Amino acid sequence: MMKLTNAQAENAFDRILSEYRVVAPKRKHGAGRFSDMDVIAYDDIGSLQEIVFSEKTETSAKSVLFPTREAMFNCGAGRIEEVTPDNRPTVVFLRACDVNALKVTDEVFLRNGGCMDSYYSRRRKNLKIFLLECPRQFETCFCVSMGSGRTKDYSVFLRKDADGYAVQVKDDDFPAFFTEGEEADVWPGFPTEDRASLEISEEIDNSIFADEMWKEYTRRCIACGRCNTSCPTCTCFSVQDIPNGDGRDGNKRKRIWSSCQVKNFARLAGDHDFRVPNGDRMRYKVLHKIRDFKRRSGFHMCTGCGRCDDVCPEYISMFRCIERINKIAASGGTD
Ligand code: SF4
Ligand code: SF4
């Protein structure tokens with residue numbers, strides 16, 4: 001554990017960059033909702049100064065392990081050739097909630113139904129986590145209620161101070177990079193309370209399906225899917241076969257992020273679609289995040305990162321929706 005000057009930290013970081021791809025929150029000028037707004041987003045970085053430590057990203061870092069679209073294999077004329085995934089050793093800077101989100105994506109891609117996704121698995125093995133601190137929460141966070149506001153699962157903790165950096169190294173792969181600096185006692189701070197405490201009821205039964213609130217969400221939700229794409233634990237995808245050239249050289253099988261909020265998500269062969277109104281798909285998403293996944297895996301899928309609240313163009317709030325569900329469950333359910 002040590003304190004480094006800016007120059008010492010930059011030297012250490014340059015050495016890390018020579019061996020690892022580094023992905024961290026970065027400012028993208030003019031890429032926000034309006035042309036004069038910036039956005040903070042995960043991206044590859046080329047120097048320590050590029051990392052934004054004090055602001056929240058609109059989207060998560062999940063594309064490092066699960067790219068938005070990715071070619072899996074080429075097939076045709078009696079052959080199948082795997083497309084080798086880009087699985088370079090990678091450092092990713094995450095806040096505690098996003099470290100805990102990896103527990104969810106690991107469950108889905110490594111243990112779901114006894115199957116392991118080899119593309120995810122190869123990237124996961126080469127991933128190192130650098131912890132970003134949240135001494136206080138951002139406006140829409142509720143990680144404490146979801147039990148995801150703290151973590152011990154990281155290789156290095158790095159805090160930007162006014163006069164340099166504080167570093168705590170836990171992984172034997174990294175002391176060699178931090179050779180300068182003064183000894184110091186360095187520990188990350190974690191938030192201890194949410195703006196309002198949410199205790200998610202264990203008593204949410206299927207009578208909630210009949211509640212009127214889902215009709216309100218049908219009127220408000222425009223099925224854009226932004227809540228899913230920003231979420232660190234949404235993992236649904238579709239697959240497509242794209243012809244190579246004119247198709248005589250077979251097809252490329254690609255997988256592409258999908259969204260349970262968009263139309264036709266639940267459409268089956270024979271044109272059966274069992275979640276047509278937008279509010280029904282909202283209900284499916286919310287109950288999966290705070291009830292159904294936990295019943296199977298023992299912990300919540302939602303980490304309380306608040307990104308879905310941040311990005312929804314209709315100001316639909318996951319936090320408020322959970323509060324409403326809790327109230328209904330506490331009153332004995334919907335008649
Ligand atoms: S708060 Fe929203 S974006 Fe964050 S994990 Fe929960 S559902 Fe996903
Ligand atoms: S971001 Fe908002 S409007 Fe868009 S699909 Fe999600 S809940 Fe609906």
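Two residues are in contact if their C-beta atoms, placed from the backbone, lie within 7 Å. By this criterion, residues 24 or more positions apart supply 70% of the contacts in the chain with a separation of 6 or more.

The model is predicted: local features need pLDDT of at least 70, side-chain atom pairs count only at pLDDT 80 or more, and totals for chains, interfaces and linings use all residues. Residues are numbered from 1 along each chain as its sequence is written, while chains are lettered from A and ligands numbered from 1 in the order in which they are written.

The chain has eight helices and 12 strands (DSSP runs numbered from the N terminus: helices H or I, at least four residues; strands E, at least two). An open sheet consists of four strands in the order β5-β4-β12-β11, with antiparallel pairing (two strands pair if DSSP finds at least two bridges between them). Strand β4 (residues 69-76) is joined to β5 by four bridges, and Asn74 lies opposite Glu81 in β5.

Each ligand has a shell of residues, a residue being near a molecule if its C-beta atom, placed from the backbone, lies within 6 Å of it.

| Ligand | Residues around it | Nearest residues |
|---|---|---|
| Ligand 1 | 13 residues | Cys231, Cys302, Cys305, Arg307 and Cys308 |
| Ligand 2 | 13 residues | Cys221, Cys224, Cys227, Gln261 and Cys312 |

The C-alpha atoms of the chain fill a box of roughly 65 × 60 × 45 Å along the principal axes.
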